[in-house]
Amino acid sequence: MSQMAPKVRVLVVDDSAFMRRVVSDILQSDNRLEVISTARDGLDAIEKIKGLKPDVVTLDIEMPRLNGIEALERIMAECPTRVVMVSSLTQRHARETIRALSLGAVDFVPKPSSGLFPDMSSLKDELVSKVWASARARLRPVYRPPETRPVRKIAPEKTQAARAVVVVGSSTGGPSALQDVMKSLPAGLPAGVLVVQHMPAGFTRSLAERLNHLSHLEVVEASGGEQIVEGRAIMAPGGFHMTFDRDLQVSLTTDPPRHGVRPAVDVTMEAAAAVFGPNCVGVVLTGMGFDGSKGCSAIKSRAGTVIAEHESTCVVYGMPRAVIEMGYADRVCPIGEIADAIKEAVDGLCTRRCSA
C-alpha cells in the first residue's frame with residue numbers, strides 16, 4: 001500500500017491574532033497542508049523558521065519590530081525559505097509586494113482590506129493553491145537591483161512605429177525574472193516589447209514602475225490607446241487582456257479569462273502573430289500552467305521565433321515546459337541569457353529585412 005505524501009508544513013506570520021487564525025484555518029482546511037506554528041512579527045518569524053524549518057512561510061508586510069520586507073531580506077540571507085506574501089490592496093503595499101518578489105518571495109496573495117475583520121473565505125482557493133505550489137517552487141539566487149537612482153533613459157531622436165515585436169509572458173516567479181531580462185535590454189532595441197505577467201489589478205502598475213526604474217527601455221502599464229513603438233515596453237494591466245490590430249494601437253478587453261487568468265499571454269501572442277507574422281518573437285518565462293503555448297503555436301505557424309526559459313532557472317517549470325515539450329521553442333536559455341537571445345533574434349529580423 002502506497003504511503004501518503006507528507007504534508008506541506010507552513011508557518012503563518014501576521015501581527016494580527018485574528019488574521020493568524022483566519023489564514024491558519026484556511027490552510028488547515030486542506031489535508032495537504034499543516035500549519036506548524038504562527039509568528040506575530042518578523043523577529044518571531046526568523047527565530048521560528050530557524051528552529052522549525054517550515055516548507056512555506058506566509059508573511060504579512062506591515063508588522064511591528066521587523067516588518068515583512070525587512071524580515072524577508074533576513075530570511076533569504078540567513079535561512080532561505082519559500083515565502084508567500086499576504087498583502088493588502090493598497091498602492092503602498094503593492095509597491096512593497098513587488099519589492100518582496102524581487103527579494104525572493106515566490107508569490108503573493110492580496111488580502112481584503114475592507115472592514116476591521118476582512119473575509120478571507122473568498123481567497124481560500126488562491127491562498128491554498130499558491131502555498132501548495134510554492135512548496136514545489138525552486139529557490140533561485142536573488143537579483144538585488146540598485147535602489148538609489150533609476151537607469152538614465154536616452155530618448156530616441158524620433159519615435160519609430162515597431163517593425164518587430166517581442167511578447168514576454170510570465171507567471172509565478174515572473175517579476176524577478178522580468179527584472180533580469182528588462183535590465184539587460186538596450187535602449188535602442190529595434191522592436192516594441194509587450195509584457196504579460198499574471199497579476200491582479202493594482203499590482204501591475206507597481207511592477208511596471210519598478211521595471212521602468214531598472215530598464216534602459218521606457219516601461220509603462222497599458223491604459224489603452226498606446227502605440228507600439230521601438231524602444232518601449234508596454235505591460236498588460238491586471239484584470240485586462242491586452243491586444244492590438246494593424247494600426248499598432250493597444251486595446252484592453254474584459255473578455256473572459258483564459259486558463260483562469262486575465263491578462264493571458266495567449267491573447268497578446270496571438271494578436272502579435274497575426275499582425276507581425278515572422279517579425280514576432282515570443283518569450284515564455286517561469287510560471288504555472290500552460291498559458292503561452294497556444295500563442296507560441298500561432299507565432300511558429302507564421303514563421304516567428306520562440307524563446308523559452310530553461311528549467312534550471314525557473315521558479316516553476318510549467319509554462320516553459322509546455323512550450324518546449326510541444327516543440328515550439330527555437331531556443332531554450334537560462335534566465336541570464338534570455339535578454340541576449342532576444343537581442344539576437346531581433347537583430348536577425350533586422351538583417352533579414354535589410355537583405356530582402
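**Salt bridges and buried elements in a predicted model**

Let me begin with a pair of side chains, those of arginine 331 and glutamate 344, which meet in a salt bridge at 2.5 Å, N to O, where a salt bridge is a side-chain nitrogen of Lys or Arg within 4 Å of a carboxyl oxygen of Asp or Glu. Arginine 331 lies in strand S14 (residues 331-333) and glutamate 344 in helix H11 (residues 335-355), so the pair ties together parts that are 13 residues apart in sequence. Helices (H or I, at least four residues) and strands (E, at least two) are DSSP runs, numbered from the N terminus.

A word on provenance: this is a predicted model, in which local features need pLDDT of at least 70 and side-chain atom pairs count only at pLDDT 80 or more, while totals for chains, interfaces and linings use all residues. Residues are numbered from 1 along each chain as its sequence is written, and side-chain values use heavy atoms, with hydrogens and water left out.

By the salt-bridge rule, the count comes to 18. One of them joins the side chains of glutamate 270 and arginine 258 at 3.0 Å, N to O; because glutamate 270 lies in helix H8 (residues 265-276) and arginine 258 in the loop between strand S11 (250-253) and H8, this pair links parts that are 12 residues apart in sequence. Glutamate 270 is partly exposed at 28% relative accessibility, and arginine 258 is partly exposed at 25%, on a scale where buried means under 20% relative accessible area, exposed over 50%, and partly exposed in between (1.4 Å probe, protein chains only).

Within helix H10 (residues 319-325), arginine 321 and glutamate 325 are four residues apart, and therefore separated by about one helical turn; their closest N and O atoms are 2.8 Å apart in a salt bridge. Here arginine 321 is partly exposed at 41%, whereas glutamate 325 is exposed at 58%.

Now to the covered parts. Which residues of strand S5 are buried on each side? Asp107, Val109 and Lys111 are buried on one side, and Phe108 and Pro110 on the other. S5 pairs with strand S4 (residues 82-88) in the parallel sense over five bridges, pairing requiring that DSSP find at least two bridges between two strands, and lysine 111 is the bridge partner of serine 88.

Nine of the nine residues of helix H6 (residues 174-182) are buried, so H6 is largely enclosed by the rest of the structure. In the loop between strand S6 (165-170) and H6 sits threonine 172, which is buried at 6%.
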